[in-house]
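Keep the coordinates open as you read.

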Amino acid sequence: MLAATPDVTVPIRQFIDGFNSGDTKAAYAAYAPGDVTIIDEFAPNRWAGPHAAQEWAAAYDKHSQATGVTDGSVKYGAPTRTEIEGNSAYVVIPTTYLYKQKGNPMVEEGQMTFALRAEGGAWKIKGWTWTGVEPHPAK
């Protein structure tokens, strides 16, 4: 079964735009049901299972509060790599994470890599990872 649309970036944009706007309902709706895996830079670094997205969000909030991070947002560009085979897809997109740490503007350039699956006529996120440089002051 193939997704109804060949645009595998739909759920990626939905997740990141939901994160940026604080719309957790939209962000969570981008994920496939069942097990999901997320790897990110803050502890515990890996979340897996049917509630991985919610557990990641809770850990992100906890980390942000502990480190004085506010105003987090992710800018993203067009995919630099897209591989589709049947109902599975692999997508890499360039990203920039912008935030304030204790009031100081910070930036991290990186990329996100997504694994997606076509389910119910649409692409859904099965997992993602963040890879980026060390945070540094924004210019």
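This is a predicted model: local features need pLDDT of at least 70, side-chain atom pairs count only at pLDDT 80 or more; totals for chains, interfaces and linings use all residues.

Residues are numbered from 1 along each chain as its sequence is written, and side-chain values use heavy atoms, with hydrogens and water left out.

A pocket here is an open set of points on a 1 Å grid over the protein atoms alone, where a 1.4 Å probe fits and protein lies on both sides within 12 Å along at least five of seven lines. Lining residues have an atom within 4 Å of a point. Points are joined across faces, edges and corners, and a volume is the space filled by probe spheres set on them.

The largest pocket has a volume of about 320 Å³. Its lining counts 21 residues, and Asp40, Glu41, Phe42, Tyr60 and Tyr97 are the closest to its centre. Helices and strands are DSSP runs, numbered from the N terminus: helices are H or I with at least four residues, strands are E with at least two. H3 gives the most, with five residues. By type, the lining of the largest pocket holds 14 nonpolar, four polar and three charged residues. Ala, Val, Leu, Ile, Met, Phe, Trp, Tyr, Cys and Pro count as nonpolar; Asp, Glu, Lys and Arg count as charged; the others, Gly among them, count as polar.

The second largest pocket has a volume of about 260 Å³. Fifteen residues line it, and Phe19, Thr24, Trp56, Ala57 and Tyr60 lie nearest its centre. H1, H2 (24-29) and H3 each supply at least two residues of this lining. H3 again gives the most, with five residues. The lining of the second largest pocket divides into nine nonpolar, four polar and two charged residues.

Now turn to the rings. Two rings of Phe, Tyr or Trp (its six-membered ring) pair if their centres lie within 6.5 Å; planes under 30 degrees apart are stacked, over 60 edge-to-face, and the rest tilted. The whole structure has twelve aromatic pairs. One of them joins Phe19 and Tyr60, edge-to-face, at 5.3 Å centre to centre with 75° between the planes. This pair links distant parts of the chain, since Phe19 is in H1 and Tyr60 is in H3, 41 residues apart. Both Phe19 and Tyr60 are buried, where buried means under 20% relative accessible area, exposed over 50%, and partly exposed in between (1.4 Å probe, protein chains only).

Phe42 and Trp47 also pair: their ring centres are 5.3 Å apart and their planes stand at 55°, so the pair is tilted. Phe42 is buried at 5% relative accessibility. Trp47 is buried too, with a relative accessible area of 5%. One aromatic cluster takes in Phe15, Phe19, Tyr31, Phe42, Trp47, Trp56, Tyr60, Phe114 and Trp128.

Look next along H3. Its 16 residues reach 22 Å from first C-alpha to last, close to the expected 22 Å at 1.5 Å a residue; the expected span is 1.5 Å times one less than the number of residues. Ala52, Ala53, Trp56, Ala57, Ala59, Tyr60 and Ser64 are its buried residues. After H3 comes Gly68, with a positive phi near 75°.

Finish in the loops. The peptide bond from Ala43 to Pro44 is cis, with omega near 10°. Pro44 sits in the loop between E1 (36-39) and E2 (46-49). Asn45 is in the loop between E1 and E2. Asn45 has a positive phi of about 75° although it is not a glycine, and it is partly exposed at 33%. Lys102, in the loop between E5 and E6, has a positive phi near 55°. Lys102 is exposed, with a relative accessible area of 66%.
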